[in-house]
Amino acid sequence: MAVVETECIVLRSYDLADADKIAVLLTADHGVVRAVAKGAKRLKSKFGSGLEPLTRVNAAYFKKETRELVDLDKIEVIESAFSLVSSPEILTRFAYLIDILISLVPAELPDPALYRMTNACLGAVRNRPDSIEAISLYFEAWLLRLAGLFPTWDACSICKVQLGSDQASQIGAEFQLICERCRKSSGGDMVTAKQRDVVLRSRKLSPEAFALEPIPDESLKKLSSIFRRMIGRATGFENVDRALQAGVQGRR
Ligand SMILES: [Zn+2]
């Protein structure tokens, strides 16, 4: 049995039989891990409030080769989720972002970049709660990219010519872009040069810097609807928008 000590973000926790809970953790070095927290439902649990979703903690757990669930031994809160969970809008949005993360990322696949990105997005929302829409878009774009589901938007998928800064492109069936010259039909779903540029800039900027970009609401909505279709196809969620809406109503 190995002892693992790692920083992590609590993604979700739910009740198990008796006094126990299961915590789903995004660890810095070991990917998404599911942990049994024995006695966590008791009032005087050693885990305290450290298993609240979106809390950043240092955790120690025991791992047996043959078991998928690990045994949580101790946690130490680095940053509480209090400022985040006090806003229903942010809570609902993160519930959705966590759902898609858990659906798209295989368990126990180490991905330090995913951890850094998620942690940076949480920090950005703490500092700029009003920018939740932009930060959420950034998270979706990066999650798709890290999961290998984002086609390159630098060039036309047919002629491979770099797309110019003034060219609109058509969105293909696999969400790849097609330039004006290669496009066979008029109409169809289009992305403007400015919208494409927002996506390219999300690759280079931190989420907090991205939140400061002047992105029109219309572009945020348009890109988010494209990303949600990508996510919907990859996860089998029939309609991600509807799921998000249900989340909002469920919490009211
Ligand atoms: Zn082309």
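**Domains, core and helix packing in the predicted model**

With 19 C-beta neighbours inside 10 Å, Phe 175 counts as partly exposed, a class lying between buried (20 or more other C-beta atoms within 10 Å of the residue's own) and exposed (12 or fewer), with C-beta atoms placed from the backbone. The structure is a predicted model, in which local features need pLDDT of at least 70 and side-chain atom pairs count only at pLDDT 80 or more, whereas totals for chains, interfaces and linings use all residues. Residues are numbered from 1 along each chain as its sequence is written.

Phe 175 lies in the loop between strand S6 (169-171) and strand S7, where strands are DSSP runs of E with at least two residues and helices are runs of H or I with at least four, numbered from the N terminus. The phi of Phe 175 is positive, at about 70 degrees, although the residue is not a glycine. Most residues other than glycine have a negative phi. A positive phi is also found at Asp 18, with a value near 55 degrees; Asp 18 belongs to the loop between S1 and S2 and is exposed, having 9 other C-beta atoms within 10 Å. Arg 181, placed in the loop between strand S7 (177-178) and strand S8 (190-191), is likewise exposed, with 10 other C-beta atoms within 10 Å. Between Arg 181 and Leu 84 there are 97 residues of separation in sequence and 47 Å in space, taken from C-alpha to C-alpha.

The domain assignment divides the protein into domain 1 (1-81) and domain 2 (87-252), the bounds coming from an automatic or database domain assignment. The centres of domain 1 and domain 2, taken over C-alpha atoms, are separated by 29 Å. Across the boundary, 14 residues of domain 1 are in contact with 15 residues of domain 2, contact being defined by C-beta atoms, placed from the backbone, that lie within 7 Å. On the side of domain 1 that touches domain 2, strand S1 (2-15), strand S2 (21-27) and strand S3 (31-37) each supply at least two residues.

The largest nonpolar core comprises 64 residues, and Val 10, Leu 25 and Tyr 138 are those with the most contacts inside it; such a core is a set of buried Ala, Val, Leu, Ile, Met, Phe, Trp, Tyr and Cys residues joined through C-beta atoms within 7 Å. Helix H4 (residues 132-146) gives the most to this core, with nine residues, and at least three residues of the core come from each of domain 1 and domain 2. When neighbours within four places in sequence are left aside, the contacts of Val 10 are Ala 23, Leu 25, Leu 51, Glu 52, Pro 53, Leu 54, Thr 55 and Val 57.

The axes of helix H3 (residues 112-127) and H4 come within 10 Å and cross at roughly 175 degrees, which makes H3 roughly antiparallel to H4. Axes are lines fitted to C-alpha atoms, for helices over the stretch in contact, and angles run from 0 to 180 degrees between N-to-C directions. In this pair, Ala 113, Leu 114, Met 117, Cys 121, Ala 124 and Val 125 of H3 meet Ile 132, Ile 135, Tyr 138, Phe 139, Trp 142 and Leu 146 of H4.

The axes of helix H2 (residues 88-104) and helix H7 (residues 217-235) also come within 10 Å, crossing at roughly 45 degrees, and H2 and H7 are therefore oblique to each other. Angles under 35 degrees count as roughly parallel, over 145 as roughly antiparallel, 65 to 115 as roughly perpendicular and the rest as oblique. Ile 100, Ser 103 and Leu 104 of H2 make the contact with Ile 231, Ala 234 and Thr 235 of H7.

How values were computed:
Two residues are in contact if their C-beta atoms, placed from the backbone, lie within 7 Å.
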